Amino acid sequence: MAIPRFWREIPSRYNLIGTECGNCGKRYFPPRIICPECHRKSVGKMKDVKFQGKGEVVTYSIIHHAPKAYEMQVPYIIAIIEFEEGVRATGQIIDCEPEDVEVGMRVEPAFRKIGEDGKSGVIYYGYKFKPA
Amino acid sequence: MREVAVIGIGETRFGELWDKSFREIGIEAGLFAIQDSKTKGEEIDALYIGNMSAGRFIDQEHIAPLVADYVGLAGANLPATRIEGAGASGGLALSQAYMAVASEVHDIVVVGGAEKMTDVSEVYAQEILASTADQEWESVFGATFAGLHAMIARRHMHEYGTTKKQLAMVAVKNHKNAALNPNAQYRRELSLETVLKAPMVAEPLGLFDCAPLSDGAAALVLCPLDRAKEYTDNPVRIASCGQAGDYMALHDRKDICTMDATVVAAKKAFKYAGITPKDVDLAEVHDNYTISEILAIEDIGFFNKGDGGKATEDGQTALNSEISVNPSGGLKARGQPVGATGVAQAVEVVRQLRGEAGERQVKNARYGLTHNVGGTGASVIVHIFDGGV
């Protein structure tokens with residue numbers, strides 16, 4: 001991955017920065033440029049907003065067969081988390097044994113290494129989730 | 001809009017076709033279809049090819065003129081266009097061709113679908129499949145394509161009590177059908193026990209809950225219905241097509257257990273065709289994972305939401321039961337050359353409606369449906385075919 005591709009997403013990946021529609025007030029994570037509710041009325045009115053990212057597991061899977069970048073991590077848990085702020089995001093659950101994860105489990109975000117570009121390449125950081 | 005008919009069908013065998021290149025399989029399927037339709041090369045007005053990712057699978061973009069060239073029609077300056085919509089690429093190519101004929105822009109059109117997936121490593125091929133989800137907000141965190149479908153399955157189990165056995169029954173049924181299909185990748189039956197004991201890929205989905213990586217191509221020839229009898233004794237009418245989209249990422253969908261794009265696309269297709277789900281005799285649905293078939297048969301409207309697993313377990317989707325679902329063996333057992341899928345589904349439905357499906361023939365079939373999905377449901381296209389013309 002070219003460095004700018006990850007770099008430009010850093011606010012969201014490091015600090016859970018999403019957006020809030022200046023027209024209707026609805027919040028989005030990941031960030032959006034246009035509010036799907038307000039359409040053109042939202043253009044230019046989307047403001048950055050920070051999410052806490054605490055929430056619960058909507059669904060999950062334990063990955064045994066992974067892409068090359070993640071093959072050292074298997075088995076790992078991937079989940080869809082519903083934040084208390086109403087939005088949903090996909091991420092890994094860590095500090096949790098695969099057999100202990102369940103739908104409805106409370107989690108909070110954690111700042112972790114996401115991946116790297118080979119042994120001497122850039123290391124990517126971002127959010128994962130851990131039991132709360 | 002004028003009525004459109006399918007007058008020719010062709011397909012290659014699906015599987016690990018190591019001795020054949022992309023252009024060779026594309027040509028093979030196309031020639032079969034053209035020969036079947038008894039059209040001549042110079043009559044063809046246009047070619048549309050569904051293909052998901054030749055650029056990554058074989059480092060070759062611009063594949064539509066490549067196939068047109070090697071099928072011998074470059075000298076005729078045949079217009080050739082590639083259509084991409086992830087797993088729905090083939091179905092979208094068919095709909096573009098259908099609209100071109102229906103709108104009187106073209107008369108005779110060839111639709112192809114092709115993918116060559118085994119020229120890259122299995123791990124890399126899975127990464128390419130995952131790129132049809134949201135790369136920046138799903139795949140980058142380690143959500144594999146199987147993992148995303150596994151999360152649909154987990155939630156379906158949570159909400160409706162769907163069981164791993166019910167998921168496995170999809171694979172068992174589709175392998176049973178594929179055993180009767182000479183062009184299928186897996187022409188052998190699977191026991192329920194084998195499916196349930198398979199190594200896990202993404203829990204709760206095991207190896208046999210997942211469709212394979214395949215090479216293969218399929219093709220159709222379309223023409224206006226009122227000219228179809230010039231070419232064939234048994235034309236099949238395209239009764240309708242319905243396409244719908246949805247949020248790109250699974251986490252943004254209204255309901256993880258429902259593919260809204262399937263619901264909307266099917267409703268459009270049924271409305272335009274003037275029939276209901278009860279009128280459909282057979283359906284080729286997008287079973288890239290076993291859970292996908294369960295969602296499909298619910299969201300198209302064959303069964304109520306939540307009943308898909310039980311209906312499958314009870315044999316209501318088996319060959320010549322209430323509704324024959326995936327008589328070809330589906331993506332699961334017939335094989336999954338991604339861009340070919342939507343076209344191959346149509347080839348099977350037309351073959352069935354002509355009464356030429358041999359041992360796996362659905363009896364007294366008049367209406368057939370195809371359901372083709374891109375990504376985890378951000379693109380869906382449904383076609384309905386009528387054999388009663």
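This is a predicted model: local features need pLDDT of at least 70, side-chain atom pairs count only at pLDDT 80 or more; totals for chains, interfaces and linings use all residues.
Local features are reported at pLDDT of at least 70 and side-chain atom pairs only at pLDDT 80 or more, whereas totals for chains, interfaces and linings use all residues. Residues are numbered from 1 along each chain as its sequence is written, and chains are lettered from A and ligands numbered from 1 in the order in which they are written.

**View 1. The contact between chain A and chain B.** The contact draws 28 residues from chain B and 24 residues from chain A, where two residues are in contact if their C-beta atoms, placed from the backbone, lie within 7 Å. On the side of chain B that touches chain A, at least two residues each come from α5 (122-130), α6 (145-160) and β5 (200-203) of chain B; helices (H or I, at least four residues) and strands (E, at least two) are DSSP runs, numbered from the N terminus. The most is given by α6(B), with 7 residues. Sorted by class, this side of chain B holds 15 nonpolar, 6 polar and 7 charged residues, with Ala, Val, Leu, Ile, Met, Phe, Trp, Tyr, Cys and Pro counted as nonpolar, Asp, Glu, Lys and Arg as charged, and the others, Gly among them, as polar.

**View 2. Strand pairing across the two chains and within chain A.** Strand β4 (residues 55-63) of chain A pairs with β5(B) in the antiparallel sense over 2 bridges, two strands being paired if DSSP finds at least two bridges between them. Here I63(A) stands opposite A202(B) of β5(B). Within chain A, 3 strands form an open antiparallel sheet in the order β2-β1-β3, and its edge strands, β2 (27-28) and β3 (46-50) of chain A, each pair on one side only. Strand β1 (residues 17-21) of chain A is joined to β2(A) by 2 bridges in the antiparallel sense, and E20(A) has R27(A) in β2(A) as its bridge partner.

**View 3. The two domains of chain B.** Domain 1 of chain B covers 4-121 + 214-230 and domain 2 covers 129-210 + 236-386, with bounds that come from an automatic or database domain assignment. Their C-alpha centres lie 23 Å apart, and 37 residues of domain 1 of chain B are in contact with 35 residues of domain 2 of chain B. On the domain 1 side, β1 (4-11), α4 (89-102), β4 (109-116) and β7 (215-224) of chain B each supply at least two residues, and α4(B) gives the most, with 8 residues. That side has 20 nonpolar, 13 polar and 4 charged residues.

**View 4. The packing of α6(B) with α10(B).** Helix α6(B) packs with helix α10 (residues 290-299) of chain B at an angle of about 60°, their axes being 9 Å apart; axes are lines fitted to C-alpha atoms, for helices over the stretch in contact, and angles run from 0 to 180 degrees between N-to-C directions. The helices α6(B) and α10(B) are therefore oblique to each other, given that angles under 35 degrees count as roughly parallel, over 145 as roughly antiparallel, 65 to 115 as roughly perpendicular and the rest as oblique. In this contact H149(B), I152(B), A153(B) and H156(B) of α6(B) meet I291(B), S292(B), I294(B) and L295(B) of α10(B), a set with 5 nonpolar, 3 polar and no charged residues.
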